[in-house]
Amino acid sequence: MWKPMPSLILIAILISLCPGSCLGAYFKFTNVECKGLDPKFVEFKECYLKMVRRNVVGMNFHLAVKTDKPIDKIEFNLCIFRKSNVYRLFMVNHTLDFCYYMKKPQQYPLFYIFHDSLMSATNANHTCPYQEKDIFLKQMTLSEKAVRDLPLPNGEYKLTVTVGAYKVWRLQVSVYGVRG
Ligand SMILES: *[C@@H]1O[C@H](CO)[C@@H](O)[C@H](O)[C@H]1NC(C)=O
Ligand SMILES: *[C@@H]1O[C@H](CO)[C@@H](O)[C@H](O)[C@H]1NC(C)=O
């Protein structure tokens, strides 16, 4: 039964059952959706994918921050869904304290897979607080290492990141992708 469970254990089992070729060579983004959940706090100005080369697509967004106060409490949730007729939750539904994470990212192996790819594409690449009025993600692609380490068998996925500040969910980004 695939229910949300201690996912790192399942991931370790999956990797050991699934060496080399059954984890694919790429993870290609196919669609992205950005949703502001609190228009007084943040608003998306842009959100799109752009082809880089075959099987490599860059993710982009521009987020306008409306609040004046520097932000120093951020909740970050990642859900991974795998498609089998419909998208079902696939092992991962984790929430973390993002400000703590940015101090010690290696302590979160699952999130750390995406770390370098994310940090090299955004201006939000530092520890809290965040005072930027504009946060960008520019042509984010997964590094070769991230693609290699991503513990997902071939298939179609949706990765949803929901971000909160001060315990209120403020925005959500869902990226669809094919692992092949
Ligand atoms: C993830 O977990 C939270 C907290 O347990 C829950 O409220 C939420 O509905 C879950 N998300 C999904 C997609 O199942
Ligand atoms: C963070 O992003 C800014 C703006 O894109 C860049 O100038 C800076 O070098 C980056 N810092 C790190 C540590 O990657």
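How many residues lie between strand 4 and strand 5 in their hairpin? There is 1 residue between them, and Asn-85 in the turn has a positive phi of about 70 degrees.

This is a predicted model, in which local features need pLDDT of at least 70, side-chain atom pairs count only at pLDDT 80 or more, and totals for chains, interfaces and linings use all residues. Residues are numbered from 1 along each chain as its sequence is written, while chains are lettered from A and ligands numbered from 1 in the order in which they are written.

## Overall build and confidence

The chain has 5 helices and 8 strands. Helices (H or I, at least four residues) and strands (E, at least two) are DSSP runs, numbered from the N terminus. Along the sequence the pattern reads α-β-β-β-β-β-α-α-α-β-α-β-β.

Confidence is given as pLDDT, the predictor's confidence in each residue, from 0 to 100. The mean for the chain is 89, and 87% of its residues reach 70 or more. Among the elements, helix 1 (residues 7-17) has the lowest mean pLDDT, 58. Strand 6 has the highest, 98. Over residues 1-5 the pLDDT stays under 50. For that stretch the model has 8 contacts beyond four places in sequence. Two residues are in contact if their C-beta atoms, placed from the backbone, lie within 7 Å.

Among contacts between residues at least 6 apart in sequence, 61% join residues at least 24 apart. Of the 180 residues of the chain, 21% count as buried. A residue is buried if 20 or more other C-beta atoms lie within 10 Å of its own, exposed if 12 or fewer, and partly exposed in between; these C-beta atoms are placed from the backbone.

One open sheet has 5 strands in the order 1-8-7-4-5, with antiparallel pairing. Strands pair if DSSP finds at least two bridges between them. Strand 1 and strand 5 are the edge strands, and each pairs on one side only. The twist averages 15 degrees from one strand to the next.

| Strand pair | Bridges | Partner residues |
|---|---|---|
| Strand 4 (residues 74-84) and strand 5 (residues 86-97) | 9 bridges | Glu-75 and Asp-97 |
| Strand 7 and strand 8 | 11 bridges | Lys-158 and Tyr-176 |

## Nonpolar cores

A nonpolar core is a set of buried Ala, Val, Leu, Ile, Met, Phe, Trp, Tyr and Cys residues joined through C-beta atoms within 7 Å. The largest one has 20 residues. Those with the most contacts inside it are Met-59, Ile-80, Phe-81, Phe-90, Val-92 and Tyr-157. Strand 1 (27-36), strand 3, strand 4, strand 5, strand 6 and strand 7 each supply at least two residues of this core.

Which residues does Met-59 touch, not counting residues up to four places away in sequence? They are Phe-29, Val-32, Leu-49, Leu-137, Met-140 and Val-175. A second, separate core has 6 residues, including Ile-71, Ala-124, Tyr-130 and Ala-165.

## Backbone details

A cis peptide bond joins Cys-128 and Pro-129, with omega about 5 degrees. Pro-129 sits in the loop between helix 4 (115-119) and strand 6 (134-140).

In Gln-139 the value is near 45 degrees. Gln-139 lies in strand 6. Why does Gln-139 count as partly exposed? Because Gln-139 has 14 C-beta neighbours inside 10 Å.

Phi of Lys-167 is near 65 degrees, again a positive value. Lys-167 is found in the loop between strand 7 (155-165) and strand 8 (168-179). Lys-167 is exposed, because it has 7 other C-beta atoms within 10 Å.

Methods
Axes are lines fitted to C-alpha atoms, for helices over the stretch in contact, and angles run from 0 to 180 degrees between N-to-C directions.
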